[in-house]
Amino acid sequence: MSLSPPTTVHVDRVVKRFGPVTAVNQLDLQIRKGEFFSMLGPSGCGKTTTLRIIAGFEQPDEGDVYLEGRPVASVPPYRRNVNTVFQSYALFEHLTAWENVAFGLRRRRVPEPEIRKRVADMLELVRLKGKAMARPRQLSGGQQQRVALARALVNLPAVLLLDEPLGALDLQLRKQMQIELKQIQRTVGITFVYVTHDQEEALTMSDRIAVMNDGVLQQCGTPEEIYERPLNAFVAGFIGISNLLPGVVEDHAVRLQSTGQLVPADVAAYRPGDPVLLCVRPEKLRLEPAPESGVSVEGTVVETVYLGTSTQYLVELAPGVRLTAIENNVLTARPEDRVQRGSRLRVSWLPEHGRVLQS
Amino acid sequence: MSVRAAPVEARPLTAAPGVRTGRARPPRAFDRPRFLKVFTGLVYVYFFVPILIVFWFSFNSARSLQVFRSFSLTWYRQFFHDPAIIASLTASIEIAFVTMVVSSLIGTLLAFGLVRARTRLARPTDVLMLLNLVSPEIVTAIAFLLLFTQLGITLSIGTVIIGHVTFSIAYVTIILRGRLSSMNREVEEAALDLGATNLQAIRLVTLPLLWPAIIASGMLVFVMSFDDFITTYFTTGLGVQPLPLRIYSMIHFGVTPEINAIGTLMMVITIAIVLAAIAIFARQHNRQIVTLLE
């Protein structure tokens with residue numbers, strides 16, 4: 001911890017209830033200065049509530065939030081050094097793009113010449129220089145999104161909170177904005193806390209991701225950690241595609257429930273007899289008639305889906321137990337070599353790619 | 001209402017060439033009836049002919065309400081030289097203006113309460129407000145008369161205003177409630193987020209967004225108060241008679257063409273107010289008001 005940058009946002013054992021529902025439960029987060037931090041989870045998992053608690057729109061029932069080391073429980077939203085990009089953009093319809101961006105600086109009584117300079121710079125950063133005098137409804141969705149971003153960023157907050165800011169954009173524009181957002185974040189060096197339910201978006205942009213479900217933090221780590229070493233079945237299932245095979249722990253191996261086969265895996269954290277799930281990512285699976293190494297199970301190809309850059313295979317090991325495997329359609333792969341539907345084959349993987357999770 | 005001409009020519013879509021269908025053209029799912037234009041025209045005639053007759057005969061030089069002799073401004077001249085009528089007109093405008101201001105204020109605050117306050121009282125309050133809207137005006141008017149008499153309050157312009165405000169609040173609240181509930185709360189939160197205090201957020205963000213609805217409802221209330229008869233009749237005092245009552249008492253002594261002139265002027269005032277408001281908001285690129293008026 002001593003080597004990493006100082007903590008900008010510390011969410012300290014926060015609990016938030018709405019009537020009988022606990023929206024956020026004992027949440028602990030340390031968000032470091034200058035990082036792109038994502039909160040990822042299905043809708044209703046408490047990620048937006050957490051964001052609103054940091055912004056000051058909601059008060060936690062228990063716990064506290066520290067911004068730059070100071071507790072902010074009693075600080076109203078307008079005196080917190082954070083700014084928000086809202087899901088709906090929440091632009092001021094009666095003001096021009098320029099006036100929208102200048103709003104925060106005006107409230108903070110920044111001298112007029114400085115306002116003019118900072119707003120101009122910010123509009124340039126988000127590539128809206130020519131649209132300064134346009135009103136929100138005269139702008140496209142992507143442009144409105146950028147005004148919302150500029151309006152928040154121009155205040156140079158300690159933390160920028162973004163609540164699914166790309167949710168309303170079409171796929172093409174979303175991809176483009178993801179890269180743009182990441183670049184802007186690097187340019188300004190401000191801590192971003194980004195809420196999304198789109199796992200791909202979180203993987204693309206984040207330095208670290210906090211995966212949440214039912215108000216409880218499931219795992220917090222870099223995209224690679226989250227993807228390669230999920231801590232539980234929820235994280236494994238929510239991020240990317242996972243094959244989850246139920247089994248029972250035996251000595252240095254898991255006995256699969258479906259086939260009774262014993263497959264080697266790292267079970268150091270478990271005791272023999274524990275019910276577990278063996279998790280293997282589809283791209284780690286190899287389809288071959290006779291495996292040379294690693295763990296292998298036998299099955300029948302029941303479906304092949306051609307996806308352009310890759311082909312997805314559905315392999316049935318036992319009735320109802322299926323594995324998804326993805327093979328890249330690389331240079332050397334020829335269509336006639338592709339595995340046909342109905343063929344029997346062996347699916348293999350390296351023992352270290354099988355991750356044992358609590359069931 | 002669309003009055004676009006229906007396509008004159010329609011090619012048969014289902015019938016093959018040479019096959020007799022027994023009709024000039026096949027029916028289409030959303031075909032416009034051919035007499036639609038005529039029907040629409042008749043509706044407008046029904047709307048406007050009485051008004052046009054009033055307008056036309058207000059310029060009649062003769063006293064007759066049947067025969068138009070020649071163009072003259074006699075009745076307008078008579079109107080403007082009748083201090084009693086001018087006093088009535090002024091009184092009506094005063095009443096309408098105060099009613100507009102007071103009920104806009106109360107109605108807007110009530111709408112805020114109904115939409116924003118997280119209270120169990122919101123529902124019953126809402127119902128009570130609507131009840132006021134649908135209750136027969138004559139009943140409320142007589143109730144006011146009884147109340148004022150019981151309390152020993154002398155009837156005056158003040159009591160008329162109280163009566164008008166009461167039935168006007170509901171209109172303001174309904175319009176404002178619609179606008180408020182369609183307004184995204186995040187917009188106000190954005191203002192707070194950018195450093196505005198609660199009061200600044202209302203002044204700089206909420207009110208500018210609500211103005212069109214407030215003005216629209218205010219105008220509606222002005223016009224309704226301006227020509228209200230029933231409540232005015234029961235709550236007015238011995239002083240100056242508001243214009244609708246003045247017209248009514250003039251008719252007691254026979255309908256004179258002067259009433260046509262007054263009617264025309266009232267129309268002009270009303271339409272001018274509405275047009276002025278539309279113009280203001282058209283200039284501000286705000287289509288809200290136009291939608292509300294439609």
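Predicted model: local features only at pLDDT ≥ 70, side-chain atom pairs only at ≥ 80, totals over all residues.
Biologist: Is H5(B) oblique or roughly antiparallel to H6(B)?

Modeller: Roughly antiparallel needs an angle over 145 degrees.

Biologist: Which residues in H6(B) does H5(B) meet?

Modeller: H5(B) brings Glu137(B), Thr140(B), Ala141(B), Phe144(B) and Phe148(B). By class, the contact of H5(B) with H6(B) has 4 nonpolar, 4 polar and 1 charged residues.

Biologist: How do H6(B) and H8(B) run, roughly parallel or roughly antiparallel?

Modeller: Helix H6 (residues 157-182) of chain B and helix H8 (residues 198-226) of chain B pack at about 155 degrees, with axes 9 Å apart. Angles over 145 degrees count as roughly antiparallel. H6(B) and H8(B) are therefore roughly antiparallel.

Biologist: How many nonpolar residues are in the contact of H6(B) with H8(B)?

Modeller: H6(B) contributes residues including Val172(B), Ile175(B) and Leu176(B). Among those from H8(B) are Leu210(B), Ile214(B) and Leu220(B). The contact also has 4 polar and 1 charged residues. The nonpolar count is 11.

Biologist: Which element gives the most to the side of chain B that touches chain A?

Modeller: The contact takes 16 residues from chain B and 19 residues from chain A. On the chain B side, helix H7 (185-193) and H8 each give two or more residues. The element that gives the most, with 6 residues, is H7(B).

Notes: Residues numbered from 1 in each chain as written. Chains lettered and ligands numbered in written order. Axes fitted to C-alpha atoms, helices over the stretch in contact; angles between N-to-C directions. Helix = DSSP H or I, 4+ residues; strand = E, 2+ residues; numbered from the N terminus. Parallel < 35°, antiparallel > 145°, perpendicular 65-115°, else oblique. Contact = placed C-beta atoms within 7 Å. Nonpolar A, V, L, I, M, F, W, Y, C, P; charged D, E, K, R; others polar.
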